[in-house]
Amino acid sequence: MKNIAVIGAGTMGNGIAHVFAQNGYKVNLIDISQASLDKGMAVIEKNLDRMVSKETISDEEKLNTLKNITTHTVLKEGVKNMDLVVEAATENVEIKLNIFRELDGICNPETILATNTSSISITQIGAVTKRADKVIGMHFMNPVPIMKLVEIIRGYNTSDEVTKNIMELSKKLGKTPTEVNDYPGFVANRILMPMINEAIETLYNGVAGVSEIDTVMKLGMAHPMGPLQLADFIGLDVCLSILNVMYDGFKNPKYAPCPLLVNMVMAQKLGIKSGEGFYDYSESKKAEKVSAQFI
């Protein structure tokens, strides 16, 4: 596989495009908005500049990485003659199903279709295509250029050959692929999201404050980031979406989102991306940004 298309220029999409391009793959980065593409490319360049300053890569490697990425606003043009398409759109079932229906009709028959979903069934996504054997999950972790893990999720009909190819491809990216089965939340979020949700419940019940909860988990459990800070980093809307997928999938009340999380999302307090979540990331609080060391 040499030619890769990535759908979505947001946090995960631009990170995935960055990693493929840095490893010599030709990447088509696709989004419906040119503004989103420009923003995504600016993030990639900023991250590459940081790597140059840390002497992780050279100026030449930075330039070659950027040259390997071409942007597109028309899906049909962006996925033409691609070996692999990685979808990294919003974590919404209907949006993803509609994208895969369209991809199945416009991609070459041999093209592998992967999704970066963090919770939605690969089997369900594959079922809307005529190539379920070539549909697979590639769940990268955020920030993609730094985090080593890729959860490789095979749907009920995903072939052994496709799974093997994607596992090998992930290794070529310098990642550590881990194969898991297709159940709501897979492994990472099935364990992580209930912990985050319980931290929110702990705050909601008045057991302790935000910084106190995070301090206990960082210093007591050796977590690099507290669960509430991590929720802000992920995006509270994403956390809510994942919990809803697991609650619907398992019908188990332990996955029911905390009312505080629901209310914060309705109020558009989504974490870093909105400027406020459990912590304040507004310009006035820039010097106090809790996440500064991770960005």
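## Strand β6 and its partners

Ile136 stands opposite Arg154 in β7. This pair belongs to a predicted model. β7 spans residues 149–154 and pairs with β6 in the antiparallel sense, over five bridges.

β6 also pairs with β5, residues 112–115. Here the sense is parallel, and there are three bridges. Leu113 faces Val135 of β6 across this pairing. Between β5 and β6 the chain passes through helix α6, residues 122–127.

## Burial along β6

β6 covers residues 135–140, and six of its six residues are buried. The side chains split by direction. Val135, Gly137 and His139 point one way. Ile136, Met138 and Phe140 point the other way. Both sets are buried.

## An enclosed space

The structure holds one cavity of 30 Å³ or more. The largest cavity has about 40 Å³ of space.

## Annotated span

An unreviewed UniProt entry annotates residues 3–182 as "domain: 3-hydroxyacyl-CoA dehydrogenase NAD binding". In the model, this span is 43% helix and 22% strand. Its end C-alpha atoms lie 27 Å apart.

How values were computed:
Residues are numbered from 1 along each chain as its sequence is written. This is a predicted model: local features need pLDDT of at least 70, side-chain atom pairs count only at pLDDT 80 or more; totals for chains, interfaces and linings use all residues. Side-chain values use heavy atoms; hydrogens and water are left out. UniProt positions are given in the numbering used here, feature names are shortened, and annotations may be inferred rather than shown by experiment. Helices (H or I, at least four residues) and strands (E, at least two) are DSSP runs, numbered from the N terminus. Buried means under 20% relative accessible area, exposed over 50%, partly exposed in between (1.4 Å probe, protein chains only). Two strands pair if DSSP finds at least two bridges between them. A crossover is right-handed if, with the strands pointing away from the viewer, the path from the first strand over the helix to the second runs clockwise. On a 1 Å grid over the protein atoms alone, a cavity is a set of points where a 1.4 Å probe fits but cannot get out, and a pocket is an open set with protein on both sides within 12 Å along at least five of seven lines; lining residues have an atom within 4 Å of a point. Grid points are joined across faces, edges and corners, and a volume is the space filled by probe spheres set on the points.
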